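Student: I want to learn how to read aromatic pairs in a protein model. Where do we start?

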Amino acid sequence: MKKAFAGLGLYLAAASPAFAGAVEEMLAADTAFAKMAQDESVPAAFAQYAAEDVWMFPEGGDAYQGREALVERFSTWPDGANLEWFPQEGMAAPGGDFGFTWGRYIFTANTDAAAEGENVGYGKYVSIWRKESGGWKFVADIGNSGPSPE
């Protein structure tokens with residue numbers, strides 16, 4: 001697994017500003033993905049933008065593969081929970097059909113105990129994208145918690 005990610009890093013490191021168009025497209029896809037999560041629902045957005053063979057790496061959980069598994073996992077999304085993310089930058093491979101975006105996220109959920117109020121978590125993520133039939137789908141997603149933004 002480490003060799004695969006090291007190879008990906010070397011492959012993407014070869015990318016140059018000449019591939020800025022692909023980066024802009026991926027950032028636009030990630031932004032549209034985030035907007036759909038707010039306008040419709042987080043589960044619907046993940047199902048729509050995930051590649052069929054997607055790999056998910058949830059924090060504190062085991063990795064899993066496939067859009068079907070993703071839909072099943074997101075079927076238990078808590079009522080009132082929200083995940084909002086903000087794409088920052090990306091990088092594309094020389095072919096312009098593969099790359100990644102990264103950004104920051106805010107997760108909020110209302111707790112059952114009124115005294116506890118709202119639970120808020122912050123973090124960062126990386127989504128790896130592949131161009132499919134003219135559009136972009138994410139093929140891997142990983143996020144981890146972090147401090148609140150300044």
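Student: Is F33 buried or exposed?

Tutor: This is a predicted model. Buried means under 20% relative accessible area. F33 has 1%, so F33 counts as buried.

Student: How many aromatic pairs does a search of the whole structure find?

Tutor: Twelve aromatic pairs turn up. One of them joins F33 and F138. Planes under 30 degrees apart count as stacked. Here the angle is 20°, and the centres are 5.2 Å apart, a stacked pair.

Student: Which parts of the chain does the pair link?

Tutor: Distant ones. F33 sits in helix α2 (residues 20–39), while F138 sits in strand β6 (residues 135–146). They are 105 residues apart. F138 has a relative accessible area of 0%, so F138 is buried.

Student: What kind of pair do W77 and F107 form?

Tutor: Planes over 60 degrees apart count as edge-to-face. The planes of W77 and F107 stand at 90°, so this pair is edge-to-face. Their ring centres are 5.9 Å apart.

Student: Where do W77 and F107 lie?

Tutor: W77 is in the loop between α4 (67–74) and β3 (82–92). F107 is in strand β4 (residues 98–110). The pair therefore ties together parts 30 residues apart in sequence.

Student: What are the relative accessible areas of W77 and F107?

Tutor: W77 has 23% and is partly exposed. F107 has 25% and is partly exposed.

Student: Which residues do ring pairs link into a cluster?

Tutor: The cluster holds F33, F46, Y49, F74, W77, W85, F107, W129 and F138.

Definitions and conventions
Residues numbered from 1 in each chain as written. Predicted model: local features only at pLDDT ≥ 70, side-chain atom pairs only at ≥ 80, totals over all residues. Heavy atoms only, no water. Phe/Tyr/Trp six-rings, centres within 6.5 Å; stacked < 30°, edge-to-face > 60°. Helix = DSSP H or I, 4+ residues; strand = E, 2+ residues; numbered from the N terminus. Buried < 20%, exposed > 50% of the residue type's maximum accessible area, 1.4 Å probe, protein only.
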